[in-house]
Each structure stands twice: as C-alpha cells, then as structure tokens.
Amino acid sequence: MMGRVKKELWIGTAVFIVFAVLGALLSEVGITFLSRIVIMALYALSFNLMFGYAGMSSVGHALYFGFGGYALMVYLTKLQVPLLPACILSVLTVIPVAWFLGTACLKNNMLTFSFLTMGLCTTVQLVLYKTAQLGGTVGFTYYFLPSWMSGYRQLFFFILICAGICAVLIYLLVQSPYVQMLKGIRENDERMTFLGVNVRKMRVSIFVISAVFANIAGILYAFRNSGAYTTSLDANVSMQAIMMCVVGGRSVFLGPVLGSVIITTIQNYLSVKTMYYEGIIGVIIVLTAYYLREGLLGKGGPLDKLVKRLHRRQDRPAGHDSE
C-alpha cells in the first residue's frame, strides 16, 4: 500500500514538473493551450470523486464549473468585492447551492440523479443566456488580473500552482477512510446501509466536495479568459469530464489527468482540421469503453501492461536472457 502511494506521489510530482518546464519554455499560444489542459485536469479530478469513487454519474457537472466563473464576476463587477475575497466568496457560495441541489437530485435512484443534474445545468444556462444583467448571450468580459499576474507566463504558473494544491488535497481525500466508504457504497449500497452508513448523506457530501473543486476550476478558467461565458455550462463540458475519466481511467487517481491531456489535445487539434471532430471523439470514447473498460491507466490497460512488463524485466535474474 505504502509503495503504491509513494509511486503515485512520484509520478504526480513528475507530471507537475513537466507542466512547469513546458510553461517556462513554450510560447504564448502553447502556454494558453497548456493552461486549459491544467484547468480541465482539475475539473476532471473533481468529477472523478463522484464518478470513479462513488459511482455517481452526474451529467451536469459543468453547472459548478460555470458557477465558479459567474459567481466571481458577479462579486467583482456587481458588488465591487476585491479579488481575493471574491474568489473565497465564490467557493463558499457554491457549498449551499450544491448541498441543496444534491439533496434534491439524490432523493431517487442514480438514473434519475443523472437526468436531474443534466436538466438543472441546462436550465441554469438558459437563464443566464436570457438575463442581460448577468451578461446575456455575451457573458462577462472583465479584465481583473493584478499587475503581477498580467503576463501570460505568470498567469499560467498561478493556475498551475492552484491546480496542483487542489490535486494534492483531492489525493489526500482519496487515500482517506471516507473515500473507502464511498467505494463500498459504489459496490453495494444496500450492504453499507445494513452496516449503519447513511448512504444518502455520504453521496450528498461527496457531491458538494466535487462541486467545490469544480468551482475552483471554473474560477481559474475565468482568470484565464478574463471573464465568464455561457459556453462553460454547455452539455459538452459536462460530457468532457466523463470522457476524460473514461479514457484515462477512473479507477486510477492520475487517470483523469491523462484523459484531460488526450481529450483537450484532440479537441483543439481536430476542431481546426475538421468540422466532424466531435464524431471522431465519440468513436474514441466508444472504442475505449468497449475495449478498455478501465481506461488507459486502469487495470488491464496498455499502460498498466507496459509497467508490469518493465517490472518483470527488472525482476528477472541476471543471466536469464543468455540461457
């Protein structure tokens, strides 16, 4: 157990260093793209708290991603709150909202939960779209970055550090007994109920925690784009979270991070090359779900097989190959 944890920490540290090195070397265009990958990685990690560990397939997770940016813009532009308190208030505001909506959506089974989350996200997006006071179809465009963050490279490292801190907090949460109980609920909620666990409260709590981290990702997205826009609540943003976890591997902590790199890269590259890029991504998802049920990093995936093959070669006795 400790060996696996140390290995994951080393790999996570290496990934962070790679992003930092790329941030120091790439041009503005490359860094802008890299910052999107980092933000979407945090967004996917937040979603996987529900999806991978609790078995809750929300189809409206973009609601909290978009909420982060919109709440920040409202505090900054409408209420004239300074930047740091506005960020803190945006995070605090999403907690009662997510608790109320999560409690309502989790009154029935998981299928109903999925449809309710999707309907709520679509409804909120339409309300924002029709409300001129909240930006309407245009959204909020407001340059609010302080002078020390005005450069694109400084902004990227701020986003990377914030996302890295959140990733560490999520990892510590994943290693806790709390998430182990959620795994038990995912596998057999009736048995956990017989053991005295309040399954509904556990699901609502992870729903709120997941929403908080998605909200932080939305705030960072607002930093990157100098504003908040209705497209951040699109249904395809919710589907991106699912795709990233499925492709990378929802049973492995770094799976959603790998998924965010792959899906974001494909989307940005193919959207320029062809108008049918969404169909290509759909085919990738279908093939992954059919042939790699645990994702690229999951058990039985190609990367997992590669690591095991390397371990077997290292453990092979000296002189074995010469026989």
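How much accessible surface does the protein chain have, and what share of it belongs to carbon and sulfur atoms? The accessible surface comes to about 16700 Å², of which 67% belongs to carbon and sulfur atoms, with areas taken from the Shrake-Rupley method using a 1.4 Å probe and, for residues, only the protein chains shown counting as cover.

## Basis of the model

This is a predicted model, in which local features need pLDDT of at least 70 and side-chain atom pairs count only at pLDDT 80 or more, while totals for chains, interfaces and linings use all residues. Residues are numbered from 1 along each chain as its sequence is written, and side-chain values use heavy atoms, with hydrogens and water left out.

## Overall fold

The protein chain holds 13 helices and two strands, which are DSSP runs (helices H or I, at least four residues; strands E, at least two) numbered from the N terminus. Along its principal axes the C-alpha trace spans about 75 × 55 × 40 Å.

Of the 323 residues, 46% count as buried, that is, under 20% relative accessible area, whereas exposed means over 50% and partly exposed lies in between.

## Nonpolar surface patch

A nonpolar patch on the surface, with about 850 Å² of accessible area together, includes Phe-16, Leu-25, Ile-161 and Val-168; patches of this kind join nonpolar side chains (Val, Leu, Ile, Met, Phe, Trp, Tyr) within 5 Å, from residues with over 30% relative accessible area and no salt bridge (a side-chain nitrogen of Lys or Arg within 4 Å of a carboxyl oxygen of Asp or Glu).

Helices α1 (2–25) and α6 (152–174) each supply at least two residues of the patch, and α6 gives the most, with five. Val-168 lies in helix α6 and, at 48% relative accessibility, counts as partly exposed.

Terms used
Patch = residues over 30% accessible without salt bridge, like charges linked within 9 Å, V, L, I, M, F, W, Y side chains within 5 Å. Buried < 20%, exposed > 50% of the residue type's maximum accessible area, 1.4 Å probe, protein only.
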